Amino acid sequence: GNAGSDSLRLWPNRGKLVGNNYAVTAATVEKINVHGGGGTDVAKLYGNPATPDTLEAFPDSARFHGPAFDHQVFSYRYLHAFATAGGGDVARLYGRLGGQDTLEAMPEATRLYGDGFFTRAVDFDQVSSHGNQGDVDVARLYDDPLAADAFDATPEVASFIGAGFDNQAHGFRYVHAIATEGSGDVATLHDDPTARDYYKAAPEVARLYGGAFFTRVLRFDQVLAHGTPASGDVAILHDDPGRPDNLSATPDSVAYTGVGFDNQAHHFRYVHAYGTRGDNDVAALHGDPSRPDLYKAFPRYARLYADTYFQRVLTFDHVLAYGSSDPADVAYLYDDPAGKDVFDATPEVASIVGTGFDNQAHGFPYVHAYSTSGSGDEARLHDDPLRRDTFKATPNKAVLDGAGFFNRALAFDTVYA
């Protein structure tokens, strides 16, 4: 080409280059090399519909080749490559080192662009795009709105796969995946096992990030995030305000579900979940059967933890904590100092209920309930009807205990046993 703006078109066995005051045509040629001459040159490359072809595109050059052709272009500002959907064609796109490159990948077309270059790949069955570690490259990957697709991301590689497409992003600092709500899309996110990472999820959006990566997913029906307990990863989960949602947690995994969302956190050392008071949100927390668990519940928040996990829930209307049959499991239940609350305990289940909260302890051998003297709180202690139990009471505390249980009420104005 020359210093002006040239237009190039290459097919498997022919090509045409057009510029200011000139045109060059090549026919029945299997290999064509074209050099741009500056300006805003545009190249359009077409594959062979009958064979699987491969595109390799860099900011300053590209090669498109198959069994019957091998074309290369150099120094073209804009590059457009066209494949045949379902033909097994593969594209590999590379960004520029330094600066910021942007990737936008959709099922039918992908474009990668930055300072001085623009590359677009259309109808390739697989597209792998490569950023540069250390740059601030950004990738946006989109689903097929009419089908269920799968997104998978590690700190190094992200892929969005569906019927007829496989779009990959390698080495991008920031990755955003956009789904279609209700289409059955699933996102799986993986942490950096060598460092502490953070997972934050709400019904519409979730993100997992660390010191060198940031992954965000939007409008996925299900999000599965995987952490590493030894690295101290943290998960923060939010509800859908205005609707009743459900949280289920074990020491290894947490699932927060509601209308149109299922956000899960697996193997996170610390979990914090938020409900909305008055929405009838329910949290079910399960202890670790291999070690003693400690449960502490207040009107506004509750936490269940041991030396290997920590679960905290805030502003849930109902919190149900389940001991693990460890004889050393202990539950502490606290009243609302400003309201009148009721503590009710059997050998199997204990609960403290007040305005806006219902905190329960299931299967804890030791339960201690704390009241505020003068607030009108009431305690009801129930025995084991099949065994001999012991009740002891002083003005400040009452204890009913028997085989396998110990329920204590402190500073309650009224105690029934």
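1. What percentage of the 417 residues of the chain count as buried? The share is 51%, where buried means under 20% relative accessible area, exposed means over 50%, and partly exposed lies in between (1.4 Å probe, protein chains only). The structure is a predicted model, in which local features need pLDDT of at least 70 and side-chain atom pairs count only at pLDDT 80 or more, while totals for chains, interfaces and linings use all residues. Residues are numbered from 1 along each chain as its sequence is written, and side-chain values use heavy atoms, with hydrogens and water left out.

2. Overall dimensions. The C-alpha atoms of the chain fill a box of roughly 105 × 35 × 35 Å, taken along the principal axes. The radius of gyration of the chain is 31 Å, whereas a compact globule of 417 residues would have a value near 22 Å. This radius is taken over C-alpha atoms, and the globule rule is 2.2 Å times the number of residues to the power 0.38.

3. Secondary structure and contacts. The chain has 44 strands and zero helices. Both are DSSP runs numbered from the N terminus: helices are H or I runs of at least four residues, and strands are E runs of at least two. Among the contacts in the chain with a separation of 6 or more, 65% come from residues 24 or more positions apart; contact means heavy atoms within 4.5 Å.

4. Surface and charge. The chain exposes about 17,800 Å², and carbon and sulfur atoms supply 52% of this area. Accessible areas come from the Shrake-Rupley method with a 1.4 Å probe, and for residues only the protein chains shown count as cover. There are 33 positive and 56 negative side chains, and the centres of the two sets lie 4 Å apart. Lys and Arg count as positive and Asp and Glu as negative, without His or the chain ends; the place of a charge is NZ of Lys, CZ of Arg, CG of Asp or CD of Glu.

5. The core. A nonpolar core is a set of buried Ala, Val, Leu, Ile, Met, Phe, Trp, Tyr and Cys residues joined through side-chain atoms within 4.5 Å. The largest one has 89 residues, and the members that touch the most others are Phe-151, Tyr-199, Leu-247, Tyr-295 and Phe-343. Leaving out residues up to four places away in sequence, the partners of Leu-247 include Leu-237, Val-254, Tyr-256, Val-282, Leu-285 and Phe-316.

6. Asn-263 is found in strand 28 (residues 261-266) and is buried, at 2% relative accessibility. Beyond its neighbours within four places in sequence, Asn-263 is in contact with residues including Tyr-199, Pro-203, Val-223 and Tyr-256.

7. Lys-16 lies in strand 2 and is partly exposed, with a relative accessible area of 41%. With residues up to four places away in sequence not counted, Lys-16 touches Ser-7, Leu-8, Arg-9, Trp-11, Val-24 and Thr-25. Lys-16 and Ala-26, ten residues apart in sequence, are 6.3 Å apart from C-alpha to C-alpha. Arg-140, found in strand 15 (residues 138-142), is partly exposed at 30% relative accessibility. Its contacts beyond four places in sequence include Thr-102, Glu-104, His-176 and Ile-178. By C-alpha positions, Arg-140 and Ser-373 are 58 Å apart in space and 233 residues apart in sequence.

8. Backbone angles. Most residues other than glycine have a negative phi. Asn-21, however, has a positive phi near 70°. It is found in the loop between strand 2 (14-19) and strand 3 (22-27), and it counts as exposed at 86% relative accessibility. Asn-280 likewise has a positive phi, of about 65°, although it is not a glycine. Asn-280 is placed in the loop between strand 29 (270-274) and strand 30 (282-286) and is partly exposed, with a relative accessible area of 43%.
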